[in-house]
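Dear colleague,

I am handing over the structure below, and after it I set out what was found. Please keep it open beside the text as you read.

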Amino acid sequence: MPVFAANLTMMFNEWAFLDRFDAAADAGFAAVEYLFPYEATPEAIAERLARNNLQQALFNLPPGDWAAGERGIAALPGRFDALKTYVEKALDYAAATGVRRLHLMAGIADRHDEDASSHYRRSVTYTAQRLAEKGIDLLLEPINGRNMPGYFLNDFGAAERLIAECGLPNLKLQFDIYHRQIIHGDVVMALRRLLPITGHIQIASVPSRNEPDGEELNYPYLFGEIDCLGYDGFIGCEYVPRGKTLDGLGWFKPFARS
């Protein structure tokens, strides 16, 4: 069975950020992910990972000015120099944490705009090639328009085509099951077809984005399918707990590290 990674941006918010590493380990997680690590130092994060024998599964490259509404800059013309700076910053954290995969957010832009599309391809190619020098995979994640209106990469087919056209061995799909269900549905057939290019999987219930224990998706079945397909990577728990994080971990008990 793949290793489940607690998403420390959404889970364990009862604790300060660095203390969430301890709480996740105590709850039985063997790995963690989060959106962004940049408010803590690389050394502080590395110490928490080592202290708790945790693997760093994933985090995002810097997204631009998040508070101002930016959700990545890869598809934004005129931001290439900033992107290169962000790549180096992310690599500093990757070196400290040992992470082997990073997600590049595309940004708010029209996917059919030629300038945005051209800039996105350039950004993806540059970032993937730079990360390849360090043995790191670059992930692209389609995000649904309900949660992130106007997001450039809002289609799994577009991501699949770009990955194929770029032909870079370290360029992979971030298959978020929550986003897939909202955008397209047909989760199982998509997993079967896209697993060869998938570098990371994430989960949450649909439509609430809470614990993966009900609503539209049958997660016990999906976990079995993922296992049968031979996926041995991480499954990121990118969900918002309904209440206290620990109270909602009943679904996770069969998978917890003892």
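On the face of helix α4 that is turned away from its buried side sit the exposed residues E114 and D115, where exposed means over 50% relative accessible area, buried under 20% and partly exposed in between, with a 1.4 Å probe and protein chains only. Helices (DSSP runs of H or I, at least four residues) and strands (runs of E, at least two) are numbered from the N terminus. The model is a predicted one, in which local features need pLDDT of at least 70 and side-chain atom pairs count only at pLDDT 80 or more, while totals for chains, interfaces and linings use all residues. Residues are numbered from 1 along each chain as its sequence is written, and side-chain values use heavy atoms, with hydrogens and water left out.

The buried residues of α4 are A116, H119, Y120, S123, V124, T127, A128, R130 and L131. Seen down the axis of α4, these buried residues fall within an arc of 160° (taken from the directions from the helix axis to the C-beta atoms), so they line one face of the helix. An α-helix has 3.6 residues a turn, so residues three or four places apart point the same way. The buried residues of α4 pack against α3 (80-97), β4 (101-103), β5 (137-140), α5 (156-166) and β6 (171-176), a contact being heavy atoms within 4.5 Å.

After α2 comes N53, whose phi is positive, near 55°.

Turning to the protein as a whole, there are 8 helices and 8 strands. Along its principal axes the C-alpha trace spans about 50 × 40 × 35 Å, and buried residues make up 57% of the 258 residues. Of the contacts with a separation of 6 or more, 76% are between residues 24 or more positions apart.
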